Amino acid sequence: MKIRFDKMTVAFKEVVAVNQLDLDIPEGELVCLLGPSGCGKSTTLFALAGLYKPTSGKILFNEQDVSGLPPEKRGIGLVFQNYALYAHMTVEQNILFPLENRRVPKDEARKRALKAAQLCKIDGLLKRTPAQLSGGQQQRVAIARALVKNPTILLLDEPLSNLDARLRIEMREEIRRIQQATKVTTIFVTHDQEEAMSISDRLIVMKDGVLQQSDSPQDMYNHPANLFVAKFLGNPPINVVEGSVKGGKVYVGDQVIAEKKIRDCEKAYIGIRPEGFKIVETEEDKKRAFKVKIDYCEILGRDTTLHFNLGGVPVRAIVISEGDIKAGDEVLIAIRHRSLHVFDGETEVIINE
């Protein structure tokens, strides 16, 4: 199912939770809605589900306006953060419940429930109750219950937030496997950027109810639309220093740190990914290098993290381990072109080449 938001706004009295959202979600993709708390991602999900009605604008499924349709008419499967399983029912009864409400014949309902349980790898747990299951198993039951209706869209609201770190990794891989097996268009809400980047076809980053960028995870990481997106993605986070651009040269203070064919900008924010630095080894690199004094080093096997100041701002650089570099050393360093991002100092929007 293809989804389109046409200038959708959702407001609650004086609070605009989602503001003029214009967005296309292609059929069959796993899309993550990502952003800090209060950015509007869950509101967007609940509007999709029909739990909130847009104040203005439209939601379209395959170009059909569903903005006024009740939830049960939308073909949606919804998995909540707390799973919302019925404690007095077995796993099988929980999965069957949506089909019983739809008066699906018993034999067909049991076949569909078993198929959903097998897909989610819980077919051996059908006679247990939720209290007898681990958090990960309960999550699988909730997903199976959503899938048993054969939804055209699957919505997941912070589905992994109640799991420990190991289970989170396991379950996000399972969600990706299930989505690829079913090919159902899936919208996954999370505030965890590592989680989002690891499983999604597309990231949608929001801030204060406004869409910031929609792109594939790698393209968004390599080409952030603005300073907020650049800061939000990446661990360790991007280094940001104030600078300027004159005649195709990027300055921090009076020091040229790189060359970039972009317009002049008197006040700019210079973003450099930690892995975007390299120790100068070739004559070609020396042309673009600058000298820094190392404050301290962290050697972690293959990689070394160098800490130094750039324009009075503490910066970290992750480089291939150089055992002979130590605190107090002055080294020549250069910036990989793809890892350097320059943002307008007023609008904070990327300055493109």
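Good morning. I begin with a cavity: I143, L154, L156, I175, I178, Q179, T182, V184 and T186 line the largest one. On a 1 Å grid over the protein atoms alone, a cavity is a set of points where a 1.4 Å probe fits but cannot get out, and lining residues have an atom within 4 Å of a point. The model is a predicted one, in which local features need pLDDT of at least 70 and side-chain atom pairs count only at pLDDT 80 or more, while totals for chains, interfaces and linings use all residues. Residues are numbered from 1 along each chain as its sequence is written, and side-chain values use heavy atoms, with hydrogens and water left out.

The volume of this largest cavity is about 40 Å³; a volume is the space filled by probe spheres set on the points, which are joined across faces, edges and corners. Searching the whole structure gives one cavity of 30 Å³ or more. Which element gives the most to the lining of the largest cavity? It is α5, with four residues. Both β7 (153-157) and α5 (165-182) supply at least two residues each. Helices (H or I, at least four residues) and strands (E, at least two) are DSSP runs, numbered from the N terminus. The lining of the largest cavity comprises six nonpolar, three polar and no charged residues. Here Ala, Val, Leu, Ile, Met, Phe, Trp, Tyr, Cys and Pro count as nonpolar, Asp, Glu, Lys and Arg as charged, and the others, Gly among them, as polar.

Let me place this in the whole protein. It has nine helices and 20 strands, and its C-alpha trace spans about 75 × 45 × 35 Å along the principal axes. Of the 353 residues, 52% are buried, meaning under 20% relative accessible area, with exposed over 50% and partly exposed in between (1.4 Å probe, protein chains only).

I turn now to the pockets. A pocket is an open set of points with protein on both sides within 12 Å along at least five of seven lines. The largest pocket has a volume of about 520 Å³. Its lining has 19 residues, of which I76, L78, P98, R145 and K149 are the closest to its centre. β6 (76-79), α2 and α4 each contribute at least two residues to that lining.

The second largest pocket holds about 260 Å³ of space. Among its 15 lining residues, K115, L119, L147, N150 and T182 lie nearest its centre. The greatest contribution to this lining comes from α3, with four residues.

That brings us to helix α3 itself. At 1.5 Å a residue, the 14 residues of α3 (residues 106-119) should span 20 Å, and the end C-alpha atoms are 20 Å apart, which agrees; the expected span is 1.5 Å times one less than the number of residues. Buried in α3 are A109, R112, A113, A116 and A117. Seen down the axis, these buried residues fall within an arc of 135°, so they line one face of the helix; the arc is that of the directions from the helix axis to the C-beta atoms. The face turned away from the buried side carries the exposed residues D107, K111 and K115. The cover over the buried residues of α3 includes α2 (91-101) and α4 (135-147). After α3 comes K121, whose phi is positive, near 60°.

Finally, α2 has buried residues that include V91, E92 and P98. The buried residues of α2 pack against α3 and α4, where contact means heavy atoms within 4.5 Å. Thank you.
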